[in-house]
Amino acid sequence: MVVLSVPAEVTVILLDIEGTTTPIAFVKDILFPYIKENVKEYLQTHWEEEECQQDVSLLRKQAEEDSHLDGAVPIPAASGHGGGDPQQMIQAVVDNVCWQMSLDRKTTALKQLQGHMWRAAFAAGRMKAEFFEDVVPAVRKWREAGMKVYIYSSGSVEAQKLLFGHSTEGDILELVDGHFDTKIGHKVESESYRKIASSIGCSTNNILFLTDVTLEASAAEEADVHVAVVVRPGNAGLTDDEKTYYSLITSFSELYLPSSA
Ligand SMILES: CSCCC(=O)C(=O)COP(=O)(O)O
Ligand SMILES: [Mg+2]
């Protein structure tokens, strides 16, 4: 088995979700279709609620920022008392969400609505999150060895907690010391990793970040975070240069912690 030695200065393991702890297929074939199939009904049912209106406001703000993009779908401003025609507005939000999802965009606005929609499905037991079989045993081992384990995903913190709280392995939320999402910054920006270190109260070089996306690995590395690229079934392929440059693992069991020897 290939073994990757974790540098002695590492005290925190920061995990991406999609393509790292969890198969991309679970996200693409189960989580995302649920949104596309249910978004209209969800908006119709929850339209008058404060949380739903906040989600719509955030999506509208994002739509304004996106107005220069090809195919962007605007969301009209709510006008006067009671706003415009709710059905027209709902259709615009549905079209905007579907357009963003067709591009797999990771905007905070889209991820916030998705998280709120998944809540009911997880709570009702309609979905259970999948984790690769090496994930839970490895995370338990790392924690026993004194490591802190944090999550950094484009999925909202609320959605992350749903996945860890309702998984095929049971409720594994207690295995995580904390969560970060795009509210701290985007995963392809190195400043996000500096902010995460500062929020945890450690140096960036105390963190090992595991992700399937090399653009994220590169941003983290620029901030002096240690990185390993996770190669899982169904992940996007890597170029030969990327394969040579990055430390690669295919299972969390390939990480060797000197402190656990
Ligand atoms: C954790 S919520 C479901 C996945 C999701 O919406 C997503 O965007 C995952 O992105 P990641 O940063 O974990 O690759
Ligand atoms: Mg990922």
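Q: Where is the place of glutamate 18?
A: Helices (H or I, at least four residues) and strands (E, at least two) are DSSP runs, numbered from the N terminus. Glutamate 18 sits in the loop between strand S2 (12-15) and helix H1 (24-46). This is a predicted model, in which local features need pLDDT of at least 70, side-chain atom pairs count only at pLDDT 80 or more, and totals for chains, interfaces and linings use all residues. Residues are numbered from 1 along each chain as its sequence is written, ligands are numbered from 1 in the order in which they are written, and side-chain values use heavy atoms, with hydrogens and water left out.

Q: Is glutamate 18 buried or exposed?
A: Buried means under 20% relative accessible area, exposed over 50%, partly exposed in between (1.4 Å probe, protein chains only). Glutamate 18 has 15% and is buried. Aspartate 212, in the loop between strand S5 (207-211) and helix H8 (214-222), is also buried, at 13%.

Q: Which residues is aspartate 212 in contact with, leaving aside its neighbours within four places in sequence?
A: Contact means heavy atoms within 4.5 Å. On that basis aspartate 212 touches, among others, Asp16, Glu18 and Asn235.

Q: Which residues does the UniProt annotation "binding site" cover?
A: UniProt positions are given in the numbering used here, feature names are shortened, and annotations may be inferred rather than shown by experiment. In the unreviewed entry, the annotation covers Asp16, Glu18 and Asp212. They span 197 residues in sequence, but no two of their C-alpha atoms are more than 8.0 Å apart, so they gather at one spot.
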